[in-house]
Amino acid sequence: MDTPPPPTPSTPPTDADVAAFREQLGRPPRGLRAIAHRCPCGRPDVVETAPRLEDGTPFPTTYYLSCPRAASAIGTLEADGVMKEMTARLAEDPDLAAAYRAAHEDYLARRDAIEVLEGFPSAGGMPDRVKCLHVLVAHSLAAGPGVNPLGDEALLMLPEWWRKGSCVTGGQDGCAQPPSGTPDGGESASGRPDAGQPGAVG
């Protein structure tokens, strides 16, 4: 895509958000704290999760990508070897490596502001490798551009997944342009520890 979706305010989840999440992942959310980013269709596409689930299990992935269309497109990038190429560049480009380490520190700071998980890494392979693009894209969407360089890169490689309309029943039919403010409707980020999307917030 030429222009990524703009940042949106982090807001408490509404009942409609919880229902959307259930439909997106096929199960109820666990540890759901906030909607960290909204798709241009108005539905959640990144959720913020608690560092520990209700049963006390550590869950270091603070930002979980929930939109199945975005997740599928990211899976295609992973299958095409994008993670391997990015990891190789980290070893060759000290400026990129420094920016990626700063993204790692940002991720930890955001998680620590909720609850400190002593001894747990951030997520997605940060700071030394790329292990899950879903996590990096979720971080980029939640934090906004300029925070996670490889998440930003991966995001721009994706198609505009919202063009086909909402992935959730009852969603809008699509958006011609990403919204500049509050999404229509008034409804206001990922997986196994350090592995990202395939695990579960639910």
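This is a predicted model: local features need pLDDT of at least 70, side-chain atom pairs count only at pLDDT 80 or more; totals for chains, interfaces and linings use all residues.
Student: What percentage of the residues count as buried?
Tutor: Buried means under 20% relative accessible area; exposed is over 50%, and partly exposed lies in between (1.4 Å probe, protein chains only). The protein has 202 residues, and the buried share is 50%.

Student: Which pattern does the protein follow along the sequence?
Tutor: Helices (H or I, at least four residues) and strands (E, at least two) are DSSP runs, numbered from the N terminus. There are 6 helices and 3 strands. In sequence order they read α-β-β-β-α-α-α-α-α.

Student: Which strands stand at the edges of the sheet?
Tutor: The sheet is open, with order E1-E2-E3 and antiparallel pairing. Two strands pair if DSSP finds at least two bridges between them. Two of the strands have a single partner each, so one side of each lacks a neighbour in the sheet: E1 (32-38) and E3 (63-65).

Student: What is the average twist from one strand to the next?
Tutor: Axes are lines fitted to C-alpha atoms, for helices over the stretch in contact, and angles run from 0 to 180 degrees between N-to-C directions. From one strand to the next, the twist averages 30 degrees.

Student: Which residue of E3 stands opposite valine 47?
Tutor: E2 (residues 44-49) pairs with E3 in the antiparallel sense over 3 bridges. Opposite valine 47 stands tyrosine 64.

Student: Within what arc do the buried residues of H1 fall?
Tutor: In H1 (residues 15-25), the buried residues are Asp17, Ala20, Phe21, Gln24 and Leu25. The arc is that of the directions from the helix axis to the C-beta atoms. The buried residues line one face of the helix, because their arc is 115 degrees.

Student: Which elements do the buried residues of H1 pack against?
Tutor: Contact means heavy atoms within 4.5 Å. By that test, the partners are E1, E2, E3 and helix H2 (68-79).

Student: How many residues of H5 are buried?
Tutor: The buried residues of H5 include Leu133, Val137 and Leu141. The helix is largely enclosed by the rest of the structure, because the buried count, out of 11 residues, is 10.

Student: Which backbone oxygen does the side chain of histidine 134 reach?
Tutor: Histidine 134 is in H5 and counts as buried at 7% relative accessibility. A polar contact is a pair of N or O atoms within 3.5 Å; within protein, one must be able to donate a hydrogen and the other to accept it, and residues adjacent in sequence count only if both atoms are side-chain atoms. At 3.0 Å, the side chain of histidine 134 reaches the backbone oxygen of alanine 71.

Student: Which residue is joined to methionine 126 by a cis peptide bond?
Tutor: Most peptide bonds are trans. This one is cis, with omega about 10 degrees.

Student: What distance separates the C-alpha atoms of phenylalanine 59 and leucine 117?
Tutor: Phenylalanine 59 is in the loop between E2 and E3. At 4% relative accessibility, phenylalanine 59 counts as buried. Phenylalanine 59 and leucine 117 are 58 residues apart along the chain, with a C-alpha separation of 8.8 Å.

Methods
Residues are numbered from 1 along each chain as its sequence is written. Side-chain values use heavy atoms; hydrogens and water are left out.
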